[in-house]
Amino acid sequence: MKVSMFNAMPFGPTRERTTAWPVPNELFDPDQAIRAAAGCIEAVEMADELGFDWISCAEHHYSPISLDVNVSVLGAVLTQHVHRARVALLGALIPLSNPLRIAEEYALVDTLCGGRLVAGLLRGAPYEYLVYSVNPAESRSRFEEAWELIMTAWRCPRPFGWEGRHYQFRQVSIWPRPIQQPTPPLYVSGTSKDSGAFAARQRVGLGLAFTNRPLAAQAARFYRETAAELGWQPEPDQVLYQAPIYVGETDQEAQDAFRPAAEGMVGGGMSVGNRLVANAGFYGERDAETRTRYQDIGAEHSRSLEEQVAQGQVFCGGPEAVVDQLRRLGEEVGCGVVNLAFQWGVPQPLALRSIELFAKEVLPQVREL
Amino acid sequence: MSEPIVKQVADVDGARIEYLEAGAGTTLVFFHGAGGVSASPAFIPALAKRYRVLLPSRPGFDGSSGSTATGRDVAEVMSRFVHAVGGGPVHLIGESAGGAPACWLAVLHPELVESLVLAAPAVLHRRPSLEPDASHGPAGVGSPDLGSSPEQGDGPSSDALDEVLFGASPAWSAPPSAAEVAQRQRNAAYHRAHWDAVDEELERRLTEIEAPTLVLWGTADRLLPPEEGEWYQRAIPRSHLVYLYGAAHSLPVAVADRFVRLVTEFIEQGEAFVVNQRATSEESR
C-alpha cells in the first residue's frame, strides 16, 4: 500500500466557533494564516523526507477548514518543497472552472516537478456549487464534458476547437503539455455509482473520500465489476481511500489528543449547503443512493471517535492499532493508496509528531500490505 | 416559414446530375455521404434561410449518372456542376464519403471553392495506422459492430446503425419515408462496392488545398475515429479543426444546430471565426 499525505492547509481554530457556511471572513487572522501556510510547508517537507509516496492537496472554498482554493497554485509551491514524492492534486473541481485553464495549470505543475504529478479531476461536493454560482443540476454533464475537453487538450497534438454543450473554444493548443504522456495518472472521486461507472469507462483511478470503509468497499467493488465488464482490471494503486489520521505513542494518548477534532467534525453550514444543492438537483434521480450516503455520513460525523474508527472513517491509535486499521481497510476496500490527513484539527506540534510516528512505526508495515 | 426544397436535374457535359435546391443568396454546395441525398434532414431548411443550398447526387447515387472511373473523374463531373449550376466559386461542404470528392474538387479547381467544410470526411477511410485505440480515444470511440449486410447503409436501416450515424436525437424535418430509407440503402451498397478504398493520391495532395477549410468531427463518432481530424488539420494548410462534443458520425443530422452555426460562422467570418463575437450582455448587443 502506498501512503499519501493529504495537505489541506487548514487555518486552524477561529477566535469564535461557528458552524455557518460560508464562514464570515471577519474571523480571518492574517498572522494565523501565515503560520498555517508555513506549517503546511513544514509538514510537507517532513513527510517527503520521511518517505511518503505522495503529497496531496485539494480545492475547497469559503471556510477555514482549508485555505487551498486552487490546487494548481499550492501544487506549484509543493513542487519546490517535495523532491522525491509525487505531487497529487486531488483535485480541481472541473465543472466550476475553465477546463482549459486546469489543463494548462496541471501541465505546468507536471513540468515543475519533472513529471511527478498525479492528476485528480473532481466534480466537487454539493455545497461547492454555491461558490461560483454554477447550476448544480448541470454538474454531471459539465463534469463529463470538461473531462473530455481536458483529455483532448492534453492528447491532441494539433490545434483544435471545441463546440460543446457547456464549453466552446475555437483554438486550443496548450503549452506546456504534461510531461507524462499521454496523461499523468488520473483519478476521479467515485463514491456514487455514476462516478464509479465513469471511472471504469475512462479506465482511470477511483478516489474515495468523505466516506467509510463499508461504503468504500461497496463502491470499489462496483468499480472493479464495471471495469471487468468493460474488459480491464484496475491496478491496486487505482483505488485511493482518504481519511483523517492521528498516531500517538499509545492508543489512549492518541484518542485523548484526537477526540476533540474527530468528534467536532460536524459539517455545520456545509451540510446545509449540501442539502440545498441536493434538493436543487445536484444528484439527479440516478444518484438517489448518493443522497442517502450523504445523509448517513452526516450522521456519522457526530458519532464518537471509537465508532468512527470502527467504521474506518478516521484512523486513530498507537502504531500497532493504526497498522491493524489500515490492514483491515486494505483487505475490505482493496485500495493501493491511502491519502491521510494528519493536520486535521490538532495543533501543529502534535500533527508533526503524528507524522513522524507514522513514518517510523507504521509506514514500514503498511508498505507490505 | 421554411424555404421550399426543389428536386431538379442538370445535364453537365453529358452527365445527368439530380440535385435538391433550396433558398437564395450565396451558394453553398453539399456533397452527401454514402447514403446519398434526402430532403429529410433539418439542416437543409436551416441553411436555406441564409443561403442558396445545392445538394447534388454524384454519379452512381440516386438518379445521377456520369463518368465514375476514378475519384478524380467524379470530381471533374462535379466541378462542371458547380460551375454550371452553382455559378462558382461556392462554399463547399463534404460530409463523410462526400469528403473525398470535395477535397478532390478543391485540389483540382481551387477557383471554384471559396471555402471548404469537411464533416467527418472519409478520405483516410480505415487507415490501419489510425485505428481507434480505446484507451486513448474520447469516450465511446471504437470500431462499431455494424455487421456486413450489403443492405445496411448510410440511413436508418437499423437501430444500431442509426445510433452510430445519427446519435440519440437526429434532426429530421420529417421522418424519412420507407422509400427514402430503401434508396439510402441502395446508395450505401453502391458506395461500398465502388468507393470503399483508400485514395492514396488524394491523401498526398490534400496539402494542395488552398481554400480556408473547416474540419468538423464528433467526439462520439464510432464510425471514423475523431483523432483522424488531427491528420487533416496537419495536411491542409489553412485548416481549422473543431470537435463537436458528444456528436455521432453524421454531424449535419446528429447535431444540426451546432453544425449549421459553425458552418454559418465560418462562411460569414472566414478564418476570423476563431474570434468570439457572441454578445454576452445587453450593452454589447
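Reply: A definition to begin with: axes are lines fitted to C-alpha atoms, for helices over the stretch in contact, and angles run from 0 to 180 degrees between N-to-C directions. Helices (H or I, at least four residues) and strands (E, at least two) are DSSP runs, numbered from the N terminus. This is a predicted model, in which local features need pLDDT of at least 70, side-chain atom pairs count only at pLDDT 80 or more, and totals for chains, interfaces and linings use all residues. Residues are numbered from 1 along each chain as its sequence is written, chains are lettered from A and ligands numbered from 1 in the order in which they are written, and side-chain values use heavy atoms, with hydrogens and water left out.

Me: OK. At what angle do helix 11 and helix 12 of chain A cross?

Reply: Roughly 35°, with the axes of helix 11 (residues 319-333) and helix 12 (residues 348-367) of chain A coming within 9 Å.

Me: Which residues make the contact?

Reply: On helix 11 of chain A they include Val322(A), Val323(A) and Leu326(A), and on helix 12 of chain A they include Phe358(A), Val362(A) and Val366(A). Contact means heavy atoms within 4.5 Å. By class there are 7 nonpolar, 1 polar and 2 charged residues. Ala, Val, Leu, Ile, Met, Phe, Trp, Tyr, Cys and Pro count as nonpolar, Asp, Glu, Lys and Arg as charged, and the others, Gly among them, as polar.

Me: And helix 3 against helix 4 of chain A, what is the angle there?

Reply: Helix 3 (residues 99-112) and helix 4 (residues 139-155) of chain A cross at roughly 45°, and their axes come within 9 Å. That makes helix 3 of chain A oblique to helix 4 of chain A. Under 35 degrees counts as roughly parallel, over 145 as roughly antiparallel, 65 to 115 as roughly perpendicular and the rest as oblique. This crossing is right-handed. Tyr106(A) of helix 3 and Trp154(A) of helix 4 are among the residues in contact. The contact has 11 nonpolar, no polar and no charged residues.

Me: Which residues touch the most other members of the largest nonpolar core?

Reply: Phe52(A), Tyr106(A), Leu121(A), Trp147(A), Trp154(A), Phe358(A) and Phe81(B), out of 129 residues. A nonpolar core is a set of buried Ala, Val, Leu, Ile, Met, Phe, Trp, Tyr and Cys residues joined through side-chain atoms within 4.5 Å. Buried means under 20% relative accessible area, exposed over 50%, partly exposed in between (1.4 Å probe, protein chains only). A second, separate core of 30 residues includes Leu20(B) and Val260(B).

Me: Switching to chain B. How many helices and strands?

Reply: Chain B has 9 helices and 8 strands, and 54% of its 285 residues count as buried.

Me: Where are the cis peptide bonds you have?

Reply: One runs from Gln181(A) to Pro182(A), with omega near 0°. Pro182(A) lies in the loop between strand 6 (168-172) and strand 7 (186-189) of chain A. Another joins Gly88(B) and Pro89(B), with omega about 5°.

Me: What about phi at Met9(A)?

Reply: Positive, about 50°, although Met9(A) is not a glycine. Most residues other than glycine have a negative phi.

Me: Is Met9(A) buried or exposed?

Reply: Met9(A) counts as buried, at 11% relative accessibility. Ala120(B) also has a positive phi, near 45°, and is buried with a relative accessible area of 0%.

Terms used
Left-handed = near helix turned anticlockwise from the far one by under 90°.
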